[in-house]
Amino acid sequence: MSPTQWDFPVELCCRPMAFVTLTGLDVVYNAVHRAVWDAFCANRRADRVPISFKVLPGDHEYPKCRPKVMTPLSLLGFYFQGSKILFLKTVWFNVTLIFECWFFLIFNRLENAFYEHAQTYYYTEIRRVKSHKEFLNKTTHQLLFVRHQFKIAFFSELKQDTQNALKNYRTAYNLVHELRAHETNILEIKTMAGFINYKICRLCFQHNTPLDAIAQFRKHIDLCKKKIGSAELSFEHAAWMSKQFQAFGDLFDEAIKLGLTAIQTQNPGFYYQQAAYYAQERKQLAKALCNHEASVMYPNPDPLETQTGVLDFYGQRSWRQGILSFDLSDPEKEKVGILAIQLKERNVVHSEIIITLLSNAVAQFKKYKCPRMKSHLMVQMGEEYYYAKDYTKALKLLDYVMCDYRSEGWWTLLTSILTTALKCSYLMAQLKDYITYSLELLGRASTLKDDQKSRIEKNLINVLMNESPDPEPDCDILAVKTAQKLWSDRVSLAGSNIFTIGVQDFVPFVQCKAKFHAPSFHVDVPVQFDVYLKADCPHPIRFSKLCVSFNNQEYNQFCVIEEASKASEVLENLTQGKMCLVPGKTRKLSFKFVAKTEDVGKKIEITSVDLALGNETGRCVVLNWQGGGGDAASSQEALQAARSFKRRPKLPDSEVHWDSIIIQASTMIISRVPNISVHLHHEPPALTNEMYCLVVTVQSHEKTQIRDVKLTAGLKPGQDANLTQKTHVTLHGSELCDESYPALLTDIPVGDLQPGEQLEKMMYVRCGTVGSRMFLVYVSYLINTTVEEKEIVCKCHKDETVTIETVFPFDVAVKFVSTKFEHLERVYADIPFLLMTDLLSASPWALTIVSSELQLAPSMTASDQLESQVDKVVLQTGESASECFCLRCPSVGNVEGGVATGHYIISWKRASAMDDIPVISTVITLPHVIVENIPLHVNAELPSFGRVRESLPVKYHLQNKTHLVQDVEISVEPSDAFMFSGLKQIRLRILPGTEQEMLYNFYPLMAGYQQLPSLSIHLLRFPNFTNQLLKRFIPTSIFVKPQGRLMDDTSIAAA
């Protein structure tokens, strides 16, 4: 029986289409004929009618119809589908007729005519089959019912009537399962059921009803899975089941490629997986049923051969074709046929079939992101490769999935995989792999029994002693013999005998944890750390060497433990010696070394821990832990230990709980603890732009001299960049800092200090902006000290930080007033006004105002001499000093935003500052002022006071400020407190730029502050010039003294 027996016919798997043959075309030597052929067949678009064309020679002999018999011999003939597709008797056309019809112009019409003719033919065939079916009865023609129903469905497919085709296929499927099943026809029934089920599922996917396809397939499997048939050929049933699942998986995958959406829980991978399962079952059944003696020969003549080379009917036995009786007429022939099938099955490469199916399933589960299913099937693939003796591929697959099972803690599954991997590595004599898998199978992750572990441990030691290990159990005998020769060759070959194995990706039988005693060590204190080791193997084991490596390799030499031992002593029950590990007991190995002074401020890290098993005379395996230890299971175990509430048993003082040890693989080397004191003296807060003094006092408390003392002082790095730009530091207070001075002075040498000696250093800080600043004072020095009888030079340092607030020294208020001290929102061109400044001290310390200066803008002029009025004034906190300046602003026209006044410069310093401290000049920008022009300016001249009944002369000056002649009406309104003489009402004309004087004599009648007679002026050209504006320039009242006697005045004058 051919291995491809279970494959579906090609005619069944392709899409049925109308079949048209063209005869008389020479498509090889005639270019015109070739063009005709290409026009029909090449680049057919989806919108063209579904036709399959074929060229046949003119003398082709078409198959003749077989005679129809009413007695059925089978369900489906082997030639039925082929005859209807490949040699279908549709109309044929001669090439001459094609040319007569001008084919090149109307080939589409011809194609449609072919299709319509084919449709008519299929319709006629369907009617013919149906008419024949009317003469059948289910008593004697059960098989013909199935065959005719299948023909109707198939012709409907050719006719592209898929709905009717699906309906008739379903009917045919139900009829198949109504047949009486017997051991002689069970294979034929299953075969036909499988064909029809394939058609139904294919059409359901084509109609985009995948759930119907899945339901039909499940129904099909449920109906057929127990129809096993002959027990001696039960492997055939497993092969048939495998093919059913594989075919459905192919259909499902094809539908997905055409746009169907699958999900994680329903994808083709599950069907490929089930197909692989039945293929594995087939392999096991074949192994049990086909295990004949070597002396059993294949039957001759071959009972599986036929005259035509193929079976006449699907699913029938070649030695009894067309026999419908349930009774076996020739039992001996039946027995020989079964033997032939079994012997042929023995030659089938089952592993290849299984691996192909598993590979398809893995691809699907990978596509739909099912990692656990993928890993599970990859393990099965690896095992099949092992059974197929392809150990290299088996090992590659198993090694790939081990990581997943380690990370998730599936220890039982991992043990099974490791056992298979160990067998593969043994059979290939792969030294490093064999050692690696042995180390893990001896460890805590392995679920093997102690006797199995003991055997593996013994084999491992044999390998390390350059001897061949014992064979692994359940291995193929021939493969073991080959492996033993390979191991013998390994022993005799010269080469590297040291194998370094990184344990971070697997779980060996030895655990390692390294832990520094502290997260940091001073440079004058030895660095100490411990390495903890714990063995999980069945017996005590002796290691030969332990090495700890650091990021600074100069320390490696101080952290090595080596114990010489013979190879035979590795497994001896010796508990003495540091390198002997007892199972379940924690071994602590302590180390210490002196750090180098150049590593101060650096981190010392354990980069790896190497533990050697064996010696160089035999073979040596070096277990390499990255960092401070830990393997693939350590992180998960640490998490479980942290979450566990289980109480730990009490151990002796010399032992520790393994779970309580936390890896600490790095430590920091810090400088020696300084034995000096650093004090800062200053008077906060700092004032803006002043030279702020900060006194640094350093005193040594060391027992010996300290050398190379250096001072770093200034703004602490890492603060706002704006503060750095506005902060300047110097050691010379007599110099005013500018932008060129740094914010931090570094490594200022201050000499050496004897024990108890102290020094002072003054630094000056200038802060250009207000706010908080953090200042750093860092003192470093060198001192000789002894560590572990080794003299070293330590660099010590101590730093102090201080936060200093910077504030404004004073607040300056500026205002403009008239000569009558009235507030001005604006000033008038060429009219004098007063600028008043107020300095309010905001400093908690006394300030000395050295001087002040008013720098006027070009648009301003002074009415008198500008002199400082606050020279040498000392202001306490909250006190203020004021100055007054009389100014005049010439006419400047309309200036947007007002006219600049100038700058007010205040020179000051702290009252407590030393004489050599420079004076600070603070520049205040004065506000702009709005200047307006007025047509007439009035100025009054009068005494500062009057006396009752004494004449009080008053002169008014009227000045024309325009370029026009001014007509002025003047009137004086009397007051109850005065009599006056002069023009009470007058109208006069004032020329441009000239001045007119008006003289009045006022005669006071009452004492006290009295209101003067009111002067009212009306300008005819400027009606907006009001008396309210006039009152800004002339006084409206005066103080009148009472009339006194002469002797009183003389007495007062004498006094």
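Reader: Which residue in S31 stands opposite alanine 862?
Author: Alanine 862 stands opposite leucine 887 in S31. This is a predicted model, in which local features need pLDDT of at least 70, side-chain atom pairs count only at pLDDT 80 or more, and totals for chains, interfaces and linings use all residues. Residues are numbered from 1 along each chain as its sequence is written, and side-chain values use heavy atoms, with hydrogens and water left out.

Reader: Over how many bridges do S29 and S31 pair?
Author: Strand S29 (residues 861-862) pairs with S31 in the antiparallel sense over two bridges. Strands (E, at least two residues) and helices (H or I, at least four) are DSSP runs, numbered from the N terminus. Two strands pair if DSSP finds at least two bridges between them.

Reader: And how many bridges join S27 and S31?
Author: Strand S27 (residues 833-841) and strand S31 (residues 880-888) form an antiparallel pair over eight bridges. Methionine 836, for instance, has cysteine 884 in S31 as its bridge partner.

Reader: New topic: is lysine 199 buried or exposed?
Author: Lysine 199 counts as buried because its relative accessibility is 0%. Buried means under 20% relative accessible area, exposed over 50%, and partly exposed in between (1.4 Å probe, protein chains only).

Reader: Where is lysine 199 found, then?
Author: Lysine 199 is found in helix H8, which covers residues 186-206.

Reader: What does lysine 199 touch?
Author: Leaving aside residues up to four places away in sequence, lysine 199 touches Leu12, Cys14, Pro16, Phe154, Glu157 and Tyr169. Contact means heavy atoms within 4.5 Å.

Reader: What about isoleucine 152, buried or exposed?
Author: Isoleucine 152 is buried, since its relative accessible area is 3%. Helix H6 (residues 142-158) holds isoleucine 152. Not counting residues up to four places away in sequence, isoleucine 152 touches Ile126, Val129, Lys130 and Asn168.

Reader: How many Å apart in space are isoleucine 152 and leucine 759?
Author: From C-alpha to C-alpha, isoleucine 152 and leucine 759 are 116 Å apart in space, and they are 607 residues apart in sequence.

Reader: Moving on, how many aromatic pairs are found in the whole structure?
Author: A search of the whole structure finds 42 aromatic pairs. One of them is the stacked pair of phenylalanine 245 and tyrosine 278, at 5.7 Å centre to centre with 15° between the planes. Rings of Phe, Tyr and Trp (its six-membered ring) pair if their centres lie within 6.5 Å; planes under 30 degrees apart count as stacked, over 60 as edge-to-face and the rest as tilted.

Reader: Which helices does that pair of phenylalanine 245 and tyrosine 278 link?
Author: The pair links distant parts of the chain, 33 residues apart: phenylalanine 245 is in helix H10 (residues 234-257) and tyrosine 278 in helix H11 (residues 268-289). Phenylalanine 245 counts as buried because its relative accessibility is 9%. Tyrosine 278 is buried as well, with a relative accessible area of 13%.

Reader: What about phenylalanine 509 and phenylalanine 543?
Author: Phenylalanine 509 and phenylalanine 543 form a stacked aromatic pair, 6.3 Å centre to centre with 20° between the planes. Phenylalanine 509 lies in the loop between strand S4 (498-502) and strand S5 (510-516), and phenylalanine 543 in the loop between strand S8 (541-542) and strand S9 (545-550), so the pair ties together parts that are 34 residues apart in sequence.

Reader: Which residues do ring pairs link into a cluster?
Author: Ring pairs link Phe205, Phe217, Phe245, Phe248, Phe252, Tyr271, Tyr277 and Tyr278 into a cluster.
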